[in-house]
Amino acid sequence: MSSVHNPSRRHFFRQLASRVEAATPVGTPWHPVLEAHAGDGDVLWSGWAGAGEVFVVGDEGRILHFNADQPGWHEQATPVPLPLHGIWGNQTDSLHAVGWMGCILHYDGEQWRRVQGGVVNDDTGRYASCEENTPLFAIDGNTAGEAWAVGDDGRILHFNGEGWQSEASGTRINLRAVACAPNGRVYAAGGEGTLLCRDVNGEWQPMDCPLSTGFHALLVLNDDELLLAGGRYFVDQGGFRGELVHYRHGEFHNLAHEAGLPRLRALRAYKDGVLLVGDKGHLLYLHNNKVHRLACNTHHDLMDIVTLGSGEALVVGDFGTLMTAAPDFEKALAIPHREVAAQSRWETMASPTQRQLWGLWQAHDGQMYACGDVGTVLRLDGEQWVALPAPDEQLAVHCLWSCEGSGLLAGGQEGRIYRFNGEQWQLHFDLHLHTTILAMWGTGPDCIYAVGDEGLVLHYDGLGWQRMASGTTSALYDLWGLDAEHLLAVGDFGLALRYNGKEWKEFNTGTEQFIYSVWGRGLNDIYAVGLSGTVVHFNGQRWHTMPTRLQQDLLSISGNDTGGVFAVGGRGTVLRLEQGQWLRETAPTEAGLRAVCAARDGTVYAVGDRGTIVRRSA
């Protein structure tokens, strides 16, 4: 399990001194989450929270699940009776759990299945002595969907989005922690002061740590800056002594070598500091260069911290321990309707029109275009938007599309499509019906599709446009495709049509709300947005509703290769997807936003009512 990286805490971390002093207990007392029932003698090892749900994993393959939309804790069926030590995922319908005997489980939103590990010897019925059964203790991943799991004997496994492969770590030391950094690096830590870094080329390299601390946890603070926690056994003290280590730019500093801390098991960014847990019920808070002991009224070993979208947290541990400081756990779990001002970089751009803007398009050469009412077509030249000649001053343009060799195509009212050759527009197609074309998509100049009102679907084969049978008379608002044999059109009452290269068939999205826009990274990662803040996600097997706590309609969604996914809608609504949760960002407008485009360079543009144009810097 990993917490969301928060750049706003960098200033605090950079002020860490070479030593941390102990302080008296502070803060609100922590108390058990009474609704959760775990085995009294079992350890809860880790957890994950996102999109209004919590998963907690522990001994005997136990997985406890809480869903804010269906209150109450429930124990999920799992395929192995083995302890599960770590859990990670970008969203609730694609989670990975790792544990004893090298077991790796995957959750698709409906059930858990064993991927590997837990191999049994057919002759004896016991677990086999093989590399695949090497115990795993931690897992973390990045926003692109890659993940790394670490365990005994220096074992490191990499999930590339499709399967798990072993990576050479260069060590036989037991590894207990792993964390992904925003710059693409991955860190792993373990016994005897072992710290490894995976560079952008995929090679693991040792980092020369002069300390012999047994690391159990690490937190990425910034590029090339870490906080590590663990402990060492001292014979003269007859037990473990906890240690907190700060690493920055090649230098290691023991921050708490005289603070009398217990062995530390986990640490997470928490509010304005860092929350730490350890043996014998030690719950600590690092803030302003001091370690504060928090009241939690337990002497059981604490194993991990699960941060919630509200900023609160859960702590899990031995004897089924599950605690929080939040007065109301369910409210703490709810994804807040908060603005992310510190991370928002939206600004207003000067617009040459007051007309309503309906669409955005980035051409194959990187050029950005916008379109709207009364034939409005705009092009971004440097930092300024300029108006192109209107295809038809009487008709609205709702969508644009282009590829190399096609010219710029504009579709809109009256079923007309125009083509721009760089100087003037020419009528490319006329349906001769009062039907509006709302979206276009294609694979090349001789394979283009268009959809619109009344179930309209058109196809261009390089010679002419032909109408296709769609099987519906409902409006189709948007179109997304992977290739000529995999297209998806969305519309009224949750309608989705899937094209397989031969025919269009209805595809149930699991909602009855109008769906206005669709976008995906691949066939197993598709998002659609619509009426009253509706967001649904397809993971390759089923659609799953994602909570947004919005009342405003979401009218457009777009993403780019850098991992950013954005949705926009009424009253200047802007959402950004982060770690499986939709966070609201502050837009500099109250105008309705009708279209969004995440450009390939990471910049995001949105347009809407009264000619509004806003931009988010990369």
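1. Residues are numbered from 1 along each chain as its sequence is written, and side-chain values use heavy atoms, with hydrogens and water left out. Because the model is predicted, local features need pLDDT of at least 70 and side-chain atom pairs count only at pLDDT 80 or more, whereas totals for chains, interfaces and linings use all residues.

2. The largest nonpolar core holds 29 residues, of which Leu400, Ile437, Met440, Leu458 and Trp465 touch the most other members. Such a core is a set of buried Ala, Val, Leu, Ile, Met, Phe, Trp, Tyr and Cys residues joined through side-chain atoms within 4.5 Å, where buried means under 20% relative accessible area with a 1.4 Å probe, protein chains only. Among the strands that each supply at least two residues of this core are E32 (368-372), E39 (437-444) and E41 (457-460), while the largest share, 4 residues, comes from E35. Strands (E) are DSSP runs of at least two residues, numbered from the N terminus.

3. Trp465 is in contact (heavy atoms within 4.5 Å) with Ile417, His428, Phe429, Ile448, Tyr449, Ala450, Leu458, His459 and Tyr460, not counting residues up to four places away in sequence. Another core, of 25 residues, lies apart from the largest one and includes Val490, Val529, Leu550 and Ala567.

4. An open sheet is formed by 4 strands in the order E19-E20-E21-E22, with antiparallel pairing; two strands pair if DSSP finds at least two bridges between them. Its edge strands, E19 (214-222) and E22 (251-254), each pair on one side only. E19 and E20 (residues 225-234) are joined over 7 bridges in the antiparallel sense, and Leu218 stands opposite Leu228 in E20.

Notes:
Buried < 20%, exposed > 50% of the residue type's maximum accessible area, 1.4 Å probe, protein only.
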